[in-house]
Number of protein chains: 2
Amino acid sequence: MNVFVVGIGLIGGSFVKDIKAKLPQVTVYGIDSNPEHLEEALTLRLIDVKSSYDDLHLADFVMVSIPVDVVLKELPIILDKVNDECVVCDAGSTKELVCATLDDHPKRRNFLACHPIAGTEFSGPSAAVSGLYSNKTNIICEVEKTAFKLQEKALGIFQILGMRIRYMNPKAHDKHIAYVSHLSHISSFMLGKTVIEKEKNERDIFDMAGSGFESTVRLAKSSPAMWTPIFEQNKENVVETLEEYIQNLLDFKELLLKEDYKGIYDEMNNTNRIKSILRGIPINKK
Amino acid sequence: MNVFVVGIGLIGGSFVKDIKAKLPQVTVYGIDSNPEHLEEALTLRLIDVKSSYDDLHLADFVMVSIPVDVVLKELPIILDKVNDECVVCDAGSTKELVCATLDDHPKRRNFLACHPIAGTEFSGPSAAVSGLYSNKTNIICEVEKTAFKLQEKALGIFQILGMRIRYMNPKAHDKHIAYVSHLSHISSFMLGKTVIEKEKNERDIFDMAGSGFESTVRLAKSSPAMWTPIFEQNKENVVETLEEYIQNLLDFKELLLKEDYKGIYDEMNNTNRIKSILRGIPINKK
């Protein structure tokens, strides 16, 4: 089997790392607009062959793991070049626009819209890790628009990587993911900004910050090139989550100003049940 | 040496766990208003003896690790009862009010105002872990008000636990810690609240949330009983950090509404340097 990965960074690199470990008979072809990343992926043995779109007719499976704005331009071209038995998956954090863009594509049946809920705040081929997808959720949208045999082929691979599958429509995906992923990134980036702005002498942050701060600003290390187009494509949902978040912060500030400490206790106590919710989330041990 | 711990939860429990491991000749006396916690601490061998204030005259070192509102009531009583050679340390996340409260105490020289920057989101004796204080910063305030020999005694113990010492005045401590600790807790609690409110069907959070969300809401598991009085005592600084944070979130929302994606990219890119700052923070491996 020939597996192609278009965009060989954290997501694509971790994907083929596990494929190569679990399916040694597979040949992995890498395609990347950055020749250094491609070379690095070869050196790291994430891929077997440096490749280009000219070879795509050889592909049985294509994983497209590139920023969501580039996906919109590249996926139609990739689909044009693959054979009828090939399934092409994306891994983007927004699903509505990519599904709409490909809706009329003559090879729509070869595309499976995916969002594996997995990642770290790092990027590039060297960030690839084994087992990134194990026990993680893969959200698949508009599954009925993909040819049945090609769904089967993709699901077989996801099963080998240990992923749980969940089906959603693209609109619901983008709405929910704004809450549980996109908003977290903004809260983290703005927290980092607030502290950096205030603590001009960065030595002070270094010395006084603990693991709690590190945890809440971890996502502020994420790639702007990846995240800007996500926020662009999911603007409406993200603005809605931001407004609710800001309102909750304003309410908390109001409780403080009114010295309503019973109210503050209750706010935190009610939110403590996040404990039982989080117990279900598989965590990356890094 | 007789070490007393008043409040045998995560902070006090982890403290004496390391003391007992590194200084086996020490006898650890536990005092707690919750008899179940005290019994649990004995079973877990965090303490050697269940004790009370009546024994405090025997103490060489007292670690007071109780919520910052209770500290204000209990520390004067504890100081009244200790002998002249005993040093009493607190571990609270606010320093201005406790220092002001004890300023005129006849035994002020026996008190060392401390804030070890260490902890997890868990609480109670069972949350105590080994090595919690290793390579962590301990901020000491108004060191000049503590008797020199008693400073030395406390610093000796902190050194054995592997802590770095940093001296600050209480006002500066409370201002900076609002940024690098207290604000993180509010951002995390309100993020948790926003998502829980929206996702009434909690199964959806469970399935779609990844490790990024887990990281940003981790602190929302923290104890309301511990955090309410911290926010109360540090109200002014906390309100200031909250206002700046909310303003940054509003600015980000404005960039989104204006579709200024260059601006959004730049915001994230500028904040990415948090990477190099965070590299210096020792993380709890749990």
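In chain B, B:Val62 touches B:Phe4, B:Val6, B:Ile78, B:Val82, B:Cys86 and B:Val88, leaving aside residues up to four places away in sequence, where a contact means that the C-beta atoms of two residues, placed from the backbone, lie within 7 Å. B:Val62 and A:Val62 are the residues that touch the most other members of the largest nonpolar core, which has 177 residues; such a core is a set of buried Ala, Val, Leu, Ile, Met, Phe, Trp, Tyr and Cys residues joined through C-beta atoms within 7 Å. In soluble globular proteins, nonpolar side chains tend to be buried together.

The structure is a predicted model, in which local features need pLDDT of at least 70 and side-chain atom pairs count only at pLDDT 80 or more, while totals for chains, interfaces and linings use all residues. Residues are numbered from 1 along each chain as its sequence is written, and chains are lettered from A and ligands numbered from 1 in the order in which they are written.

**Chain A and its domains**

The secondary structure of chain A consists of twelve helices and eight strands, both being DSSP runs numbered from the N terminus, with helices (H or I) of at least four residues and strands (E) of at least two. Chain A is as compact as a globular protein of its length, because its radius of gyration of 21 Å is close to the 19 Å that the globule rule gives for 286 residues; the radius is taken over C-alpha atoms, and the rule is 2.2 Å times the number of residues to the power 0.38. Along the principal axes, the C-alpha atoms of chain A fill a box of roughly 65 × 40 × 30 Å. Of the 286 residues of chain A, 52% count as buried, a term that requires 20 or more other C-beta atoms within 10 Å of the residue's own, whereas 12 or fewer make a residue exposed and values in between make it partly exposed, with C-beta atoms placed from the backbone. Among the contacts in chain A with a separation of 6 or more, 74% join residues 24 or more positions apart.

Chain A is divided into domain 1 (2–169) and domain 2 (173–278), with bounds that come from an automatic or database domain assignment. The centres of these two domains, taken over C-alpha atoms, are separated by 30 Å, and 15 residues of domain 1 of chain A are in contact with 15 residues of domain 2 of chain A. On the domain 1 side, helix H3 (68–81), helix H4 (96–102) and strand S7 (137–141) of chain A each supply at least two residues.

**The contact between the chains**

The contact between the two chains takes 82 residues from chain A and 82 residues from chain B. Several elements of chain A each supply at least two residues to its side, including S7, helix H7 (202–208) and helix H10 (235–257), and the largest share, 20 residues, comes from H6(A).

A rotation of 180° with 0.0 Å of shift along its axis superposes chain A on chain B, with an RMSD of 0.0 Å; the superposition is by least squares on the C-alpha atoms of residues with pLDDT of at least 70 in both copies. That is the relation of a two-fold axis. In chain A, the C-alpha nearest the axis belongs to A:Thr216, 2.2 Å from it. The same surface serves both copies, as 100% of the contact residues of chain A recur in chain B.

**Individual residues**

B:Arg45, in the loop between helix H2 (35–43) and strand S3 (49–50) of chain B, has a positive phi near 60° although the residue is not glycine, and B:Arg45 is exposed, with 11 other C-beta atoms within 10 Å. B:Glu142 likewise has a positive phi, near 50°, in a residue other than glycine, but B:Glu142 counts as buried, with 20 C-beta neighbours inside 10 Å.
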